[in-house]
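Reader: I am new to this structure and would like to be guided through it. Could we go step by step?

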Amino acid sequence: MTNFPPQQPENRTTSPPQGPQHSSDSSSLRLAVIAGIPIRIHFTFLLLLVFVAATGLGGNQGHTWISVIYVILLFACVLLHELGHALTAMRYGIRTYDIVLYPIGGVARLQNLPDVKSELWIALAGPAVNVVIAVLLGIAIAAARVPFDPAQVSAPIPRLVVDLFWSNIALFAFNMLPAFPMDGGRVLRSFLAQRMDVLAATRIAASIGQGLALLLGLWSIFTLNLLLLIIAVFVFVAAGQEANAYQTHVLATGHTVREAMLRDFHTLSVGDTLRTAAEKLLSGSQHDFPVVFGEEVQGVLTRADLLRGLAQEGPDAYVAGVMQRDFTYVYPDTDLEQVLQAFTPNHPILVMEPPQNPTNSPKLIGMLNQENVLEFLIISRFNSRPHRSN
Ligand SMILES: [Zn+2]
């Protein structure tokens, strides 16, 4: 499985204008770094290991340690699958933030949106890894004259190999389901997008995925299969989210911050009182204000900061004491698509012109918030200007 865009972009920092940075999820721990890609393991996966060790699931009755080894090897296969995506993406010049292993599989989080053709190969590379593993295990099983039916294999090690063989076939089949965020969903979109607009292709692929998830959910209810039901719900929700995120990113691709930014906005001075700030808030539609000292930006005062400050310190307090000193800014020629990932709700991103000489500080020229970027994307969609879809 690959995932784009990363789901938890969160950074409040005064610098890197090259593009947003991503803090890592604290619910996962870093296992290794392969080809420059951090491999993380979600804590729920460790719970799964404990569960397997405690119940001895995995087919090898009476061999708890074999069950634990099976789960670890299975996840090594999932990891290789994700590395298949990540290394193929690297060939197309797309970096991978990290690979996270969850109990139901892995996710490689790609930094950029691949174009339709490279997406096809990036998506196929993961399941292809499982096919290769299955073929190698199949050759080993045939060579050792072990039956392929797990029920007929009683020795623990051969049974482990046969289980892994079938697991890789299952991984291949599951990931090739034509539903987002499965690889099959991306393959489907890529095929559709060669015949139609990529957004239409995304919508159709998402609908097919959700329809499939509904069927899977019904099936799981009839068969009382809880795991299948969880997967169905996951696929249904993820398919919708994926389609929305993808639409936004396709629309933003090829546009810069400069095109979308608000140029007409008010600033506050560090010496202003909250009363002045409240008057500015009430007099217009602007919710968040850059706070300046002379030409230099010192912080940001959001509506929430202002209301909190008024409640705690009263209207005569200074803006400087209430504002956020950490804020995010970008240069105007940054890709809009990159900036989308840095948004957190109700926090503006400032747009600053790089200084002509290094001793000067950057100059504030615009602001971005989620609302105005969304408006920009909707309006630019209806403009005659064709969006890039490669
Ligand atoms: Zn995959």
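This is a predicted model: local features need pLDDT of at least 70, side-chain atom pairs count only at pLDDT 80 or more; totals for chains, interfaces and linings use all residues.

Reader: Which residue in β8 does Val-292 stand opposite?

Author: Val-292 faces Val-297 in β8.

Reader: What is the order of the strands in the sheet that they form?

Author: The order is β6-β7-β8, in an open sheet of three strands with mixed pairing. The edges are held by β6 (268-269) and β8 (296-301); each has a single partner strand, so one side of each is left without a neighbour in the sheet.

Reader: What does pairing rest on, in general?

Author: Strands of a sheet pair through backbone hydrogen bonds, in either a parallel or an antiparallel sense.

Reader: Where else is there an open sheet of three strands?

Author: Strands β9, β10 and β11 form one in the order β9-β10-β11, with mixed pairing. Here β9 (328-330) and β11 (363-368) stand at the edges, and each has a single partner strand, so one side of each lacks a neighbour in the sheet. From one strand to the next, the twist averages 35°.

Reader: How many bridges pair β9 with β10, and are they parallel or antiparallel?

Author: β9 pairs with β10 (residues 349-353) over three bridges, in the parallel sense. Thr-328 has Ile-349 in β10 as its bridge partner.

Reader: Let us turn to helices. Which residues of α10 are buried?

Author: In helix α10, residues 303-313, the residues Asp-305, Leu-306 and Gly-309 are buried. Viewed down the axis of α10, the buried residues fall within an arc of 95°, so they line one face of the helix.

Reader: Why would residues a few places apart point the same way?

Author: An α-helix has 3.6 residues a turn, so residues three or four places apart point the same way.

Reader: What covers the buried residues of α10, and what is on the face turned away?

Author: The cover includes α9 (274-283) and β8. On the face turned away from the buried side are the exposed residues Ala-304 and Ala-311. After α10 comes Gly-314, which has a positive phi, near 85°.

Reader: A new topic, then: where is Asn-372, and is it buried or exposed?

Author: Asn-372 has its place in helix α12, residues 370-382. Asn-372 is buried, because its relative accessible area is 8%, where buried means under 20%. Its side chain reaches the backbone oxygen of Ala-260 at 2.7 Å.

Reader: Which residues is Asn-372 in contact with, leaving aside its neighbours within four places in sequence?

Author: Those contacts are with Ala-260, Met-261, Leu-262 and Met-367.

Reader: And where does His-255 lie?

Author: His-255 lies in the loop between α7 (226-252) and α8 (257-260). His-255 is buried, with a relative accessible area of 5%. The side chain of His-255 makes a polar contact, at 2.9 Å, with the side chain of Glu-259.

Reader: Finally, the chain as a whole: how many helices and strands are there?

Author: The chain has 12 helices and 11 strands. Of its 390 residues, 49% are buried. Its accessible surface comes to about 19300 Å², with 63% of that belonging to carbon and sulfur atoms. Among contacts between residues at least 6 apart in sequence, 64% join residues at least 24 apart.

Methods:
Residues are numbered from 1 along each chain as its sequence is written. Side-chain values use heavy atoms; hydrogens and water are left out. Two strands pair if DSSP finds at least two bridges between them. Helices (H or I, at least four residues) and strands (E, at least two) are DSSP runs, numbered from the N terminus. Buried means under 20% relative accessible area, exposed over 50%, partly exposed in between (1.4 Å probe, protein chains only). Contact means heavy atoms within 4.5 Å. Accessible areas come from the Shrake-Rupley method with a 1.4 Å probe; for residues, only the protein chains shown count as cover. The arc is that of the directions from the helix axis to the C-beta atoms. A polar contact is a pair of N or O atoms within 3.5 Å; within protein, one must be able to donate a hydrogen and the other to accept it, and residues adjacent in sequence count only if both atoms are side-chain atoms. Axes are lines fitted to C-alpha atoms, for helices over the stretch in contact, and angles run from 0 to 180 degrees between N-to-C directions.
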